[in-house]
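Here are some notes to read alongside the model. Keep the structure open and look up each residue as it comes.

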Amino acid sequence: MTQEFLTTAALAGGAAFLTSLALTPVVGAIARRSGAVAKPKSDRWHTRPTAMFGGVAIAIAVIGTILAMLRRRARAAS
């Protein structure tokens, strides 16, 4: 592995993390507004309704970062 690859991977991971950190509250608000919440039950650990779209924020962040890296790589190759 080259230093350039490791730097790019670290930057991409950081970008995905920060993007998911920023998107999670937004997606949570959308889930609550649309009623996509897990309601408390006796067999669940939470005591308040919990938004169920958390994975959407992470998926958008990871896919967006991958697409940005591919676009950057394509520009560098041309």
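1. Start in a loop. Proline 40 sits in the loop between β1 (37-38) and β2 (50-51). This is a predicted model, so treat each value below as computed from the prediction. Is proline 40 buried or exposed, or partly exposed? Its relative accessible area is 36%, so proline 40 is partly exposed. The cut-offs explain the label: buried means under 20%, and exposed means over 50%.

2. Stay with proline 40 and look at its partners. Leave aside the neighbours within four places in sequence. Proline 40 is then in contact with His46, Thr47, Arg48 and Pro49. Now find methionine 52, which lies 12 residues from proline 40 along the chain. The C-alpha atoms of these two residues are separated by 13 Å.

3. Step back to the whole chain. Which elements does the chain have? There are two helices and two strands. In sequence order, the pattern reads α-β-β-α. The radius of gyration is 17 Å, while the globule rule gives 12 Å for 78 residues. The value is well over the rule, so the chain is more spread out than a compact globule.

4. The overall dimensions come next. Along its principal axes, the C-alpha trace spans about 55 × 25 × 15 Å. Buried residues account for 17% of the 78 residues. The accessible surface comes to about 6,200 Å². Carbon and sulfur atoms hold 67% of that surface. Consider also the contacts between residues at least 6 apart in sequence: 40% of them join residues at least 24 apart.

5. Now look at the two helices together. Helix α1 covers residues 3-34, and helix α2 covers residues 54-77. Their axes come within 8 Å and cross at roughly 145 degrees. The crossing of α1 past α2 is right-handed. On the α1 side, the contact is made by Thr8, Ala12, Ala15, Ala16, Thr19, Ser20, Leu23, Thr24 and Val27. On the α2 side, it is made by Val56, Ala57, Ile58, Ile60, Ala61, Thr65, Met69 and Arg72. Sorted by class, this contact has 11 nonpolar, five polar and one charged residues.

6. Serine 20 lies in helix α1. Why does serine 20 count as buried? Its relative accessibility is 13%, so serine 20 falls in the buried class, which means under 20%. Which residues does serine 20 touch, not counting those up to four places away in sequence? They are Ala57, Ile58 and Ala61.

7. Threonine 65 shows the contact from the other helix. Threonine 65 is found in helix α2. At 12% relative accessibility, threonine 65 counts as buried. Beyond its neighbours within four places in sequence, threonine 65 is in contact with Ala12, Ala15 and Ala16.

8. Valine 26 has 46% relative accessibility and counts as partly exposed. Valine 27 has a relative accessible area of 9% and is buried. Valine 27 is in contact with Phe53, Val56 and Ala57, leaving aside its neighbours within four places in sequence.

9. Finish with two distances. Valine 26 and alanine 12 are 14 residues apart along the chain, and their C-alpha atoms are separated by 21 Å. Valine 27 and threonine 50 are 23 residues apart in sequence. From C-alpha to C-alpha, valine 27 and threonine 50 are 12 Å apart in space. Check both pairs on the model.

Technical notes. Residues are numbered from 1 along each chain as its sequence is written. This is a predicted model: local features need pLDDT of at least 70, side-chain atom pairs count only at pLDDT 80 or more; totals for chains, interfaces and linings use all residues. Side-chain values use heavy atoms; hydrogens and water are left out. Helices (H or I, at least four residues) and strands (E, at least two) are DSSP runs, numbered from the N terminus. Buried means under 20% relative accessible area, exposed over 50%, partly exposed in between (1.4 Å probe, protein chains only). Contact means heavy atoms within 4.5 Å. The radius of gyration is taken over C-alpha atoms; the globule rule is 2.2 Å times the number of residues to the power 0.38. Accessible areas come from the Shrake-Rupley method with a 1.4 Å probe; for residues, only the protein chains shown count as cover. Axes are lines fitted to C-alpha atoms, for helices over the stretch in contact, and angles run from 0 to 180 degrees between N-to-C directions. A crossing is left-handed if the near helix is turned anticlockwise from the far one by less than a right angle, and right-handed if clockwise. Ala, Val, Leu, Ile, Met, Phe, Trp, Tyr, Cys and Pro count as nonpolar, Asp, Glu, Lys and Arg as charged, and the others, Gly among them, as polar.
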